Amino acid sequence: MTGSTPVTPIHKKGGREDPRNYRRVSLTSVLGKIMEQFILSVITQNLQDGQGLRPSQHGFRRGRSCLTNLITFYDQVTRLVDAGRAVDVVYLDFSKAFDTVSHRTLLDKLAAHGLDRSTLCWVRNWLDGRAQRVVVSGAASSWGQSPVGSLRGLCWGQLCSIIIDDIDEGIESLISKFAE
């Protein structure tokens, strides 16, 4: 099976008996990780040189972080309050959403950001036919394919910035996004 990856659940919080309290970590070969880093560097370079991410996006970007997100947010809110304007704040947590993003959607978003055809083909080939199984205390589940997910544990998690980049399209408000 091409792209077979064991998935090891790592306990993150709460009771150990609840499967939702575990984070999936994909174990891949060294060559696979090198290829992922190469593809990610091509994508990152393309975003910096070509159609980049919106300025509202912080996280996984050079010179942008959780701190710059908070500083920008604080600056915007204090300016509005000083001007006597009302301020409403809405926080959205997409922490589980990236587990359900279809690979087709990811490829479409990469294409919309101007990724060249050959790099899109590499990404598609990397994602297609990927099989996963869970290993706990030496016991392994059967292999299964998944056409969705950000492949946690891999550098692909950084691509969530691209997935949420257009979430503020058409919104006439101040938006500040952070992906980690």
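**Helix packing, strand pairing and a buried glycine**

In this predicted model, helix H3 (residues 103–112) packs with helix H4 (residues 117–127) at an angle of about 170°, and the two axes lie 10 Å apart. Angles over 145 degrees count as roughly antiparallel. H3 and H4 are therefore roughly antiparallel to each other. On the H3 side, the residues that meet H4 are His 103, Leu 106, Leu 107, Leu 110 and Ala 111. Their partners in H4 are Leu 120, Val 123, Arg 124 and Leu 127. Sorted by class, the contact of H3 with H4 has seven nonpolar residues, one polar residue and one charged residue.

Strand S4 (residues 131–136) takes part in two pairings. With strand S5 (residues 139–140), S4 pairs in the antiparallel sense over two bridges. Within this pairing, Val 135 stands opposite Ala 140 in S5. S4 and S5 form a hairpin, with two residues between the strands. Ser 137 belongs to the turn of this hairpin and has a positive phi of about 50°. The pairing of S4 with strand S6 (residues 144–145) is also antiparallel and also runs over two bridges. Here Gln 132 stands opposite Gly 144 in S6.

These elements belong to a protein chain with five helices and seven strands. Read from the N terminus, the order of the elements is β-β-α-β-α-α-α-β-β-β-α-β. The protein chain has 180 residues, of which 28% count as buried. Its accessible surface comes to about 11,400 Å², and 56% of this surface belongs to carbon and sulfur atoms. Contacts were also sorted by separation along the sequence. Among contacts between residues at least 6 apart in sequence, 64% join residues at least 24 apart.

Gly 32 has its place in helix H1 (residues 30–49). Is Gly 32 buried or exposed? A residue counts as buried when its relative accessible area is under 20%. The relative accessibility of Gly 32 is 6%, so Gly 32 counts as buried.

Notes:
Residues are numbered from 1 along each chain as its sequence is written. This is a predicted model: local features need pLDDT of at least 70, side-chain atom pairs count only at pLDDT 80 or more; totals for chains, interfaces and linings use all residues. Side-chain values use heavy atoms; hydrogens and water are left out. Axes are lines fitted to C-alpha atoms, for helices over the stretch in contact, and angles run from 0 to 180 degrees between N-to-C directions. Helices (H or I, at least four residues) and strands (E, at least two) are DSSP runs, numbered from the N terminus. Angles under 35 degrees count as roughly parallel, over 145 as roughly antiparallel, 65 to 115 as roughly perpendicular and the rest as oblique. Contact means heavy atoms within 4.5 Å. Ala, Val, Leu, Ile, Met, Phe, Trp, Tyr, Cys and Pro count as nonpolar, Asp, Glu, Lys and Arg as charged, and the others, Gly among them, as polar. Two strands pair if DSSP finds at least two bridges between them. Buried means under 20% relative accessible area, exposed over 50%, partly exposed in between (1.4 Å probe, protein chains only). Accessible areas come from the Shrake-Rupley method with a 1.4 Å probe; for residues, only the protein chains shown count as cover.
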